[in-house]
Amino acid sequence: MSWVGSWRNQFGSLLRIISETEERIEGTFETALEDSGFYGQTVQVTGFHRGNCIGFVAVGSSATGDRVVSYTGLLRHGKMETAWFVVADQALSAASEGDPAKLKPLNWWRAVTTNVDTFERA
């Protein structure tokens, strides 16, 4: 089984795996979600695979700070089923309603977002 190729998730985001040498993967990721801190960027991904297991990571920056996303998943019935975690360094926050928002470091418990995605060959 080859991981190389284009994979699209249920929201239209695109993962392109261009290399899978020696159980390592390399490629790019573009999110389709406008509310993502990665929106409008093509970020480099790197990771590992063995058999039907895969894991990869990407980092990026936006107007709201730095972030990292990691995906871990399994190939099942031709689909890449993944769980992902985004860790964001900062967020815009206002002291009170009507005040201008400022970037503030996030506490660890608020810095993590997690969910699942299903990728299919595009």
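Which residue in E10 is the bridge partner of Thr82? The bridge partner of Thr82 in E10 is Asp117. The model is a predicted one, in which local features need pLDDT of at least 70, side-chain atom pairs count only at pLDDT 80 or more, and totals for chains, interfaces and linings use all residues. Residues are numbered from 1 along each chain as its sequence is written, and side-chain values use heavy atoms, with hydrogens and water left out.

Strands (E, at least two residues) and helices (H or I, at least four) are DSSP runs numbered from the N terminus. Two strands pair if DSSP finds at least two bridges between them. E7 pairs with E10 in the antiparallel sense over nine bridges, and with E6, also antiparallel, over 10 bridges. Thr72 stands opposite Ala83 in E7. Two residues separate E6 and E7 in a hairpin, and His77 in its turn has a positive phi of about 55°.

In a regular strand the side chains alternate between the two faces of the sheet. Along E7, Met80, Thr82, Trp84, Val86 and Ala88 point to one face and are buried (under 20% relative accessible area, 1.4 Å probe, protein chains only).

Of its 23 lining residues, the closest to its centre are Ser36, Gly37, Trp84, Val86 and Thr113; lining residues have an atom within 4 Å of a point. The largest share of the lining, four residues, comes from E10.

Note on methods. On a 1 Å grid over the protein atoms alone, a cavity is a set of points where a 1.4 Å probe fits but cannot get out, and a pocket is an open set with protein on both sides within 12 Å along at least five of seven lines; lining residues have an atom within 4 Å of a point. Buried means under 20% relative accessible area, exposed over 50%, partly exposed in between (1.4 Å probe, protein chains only).
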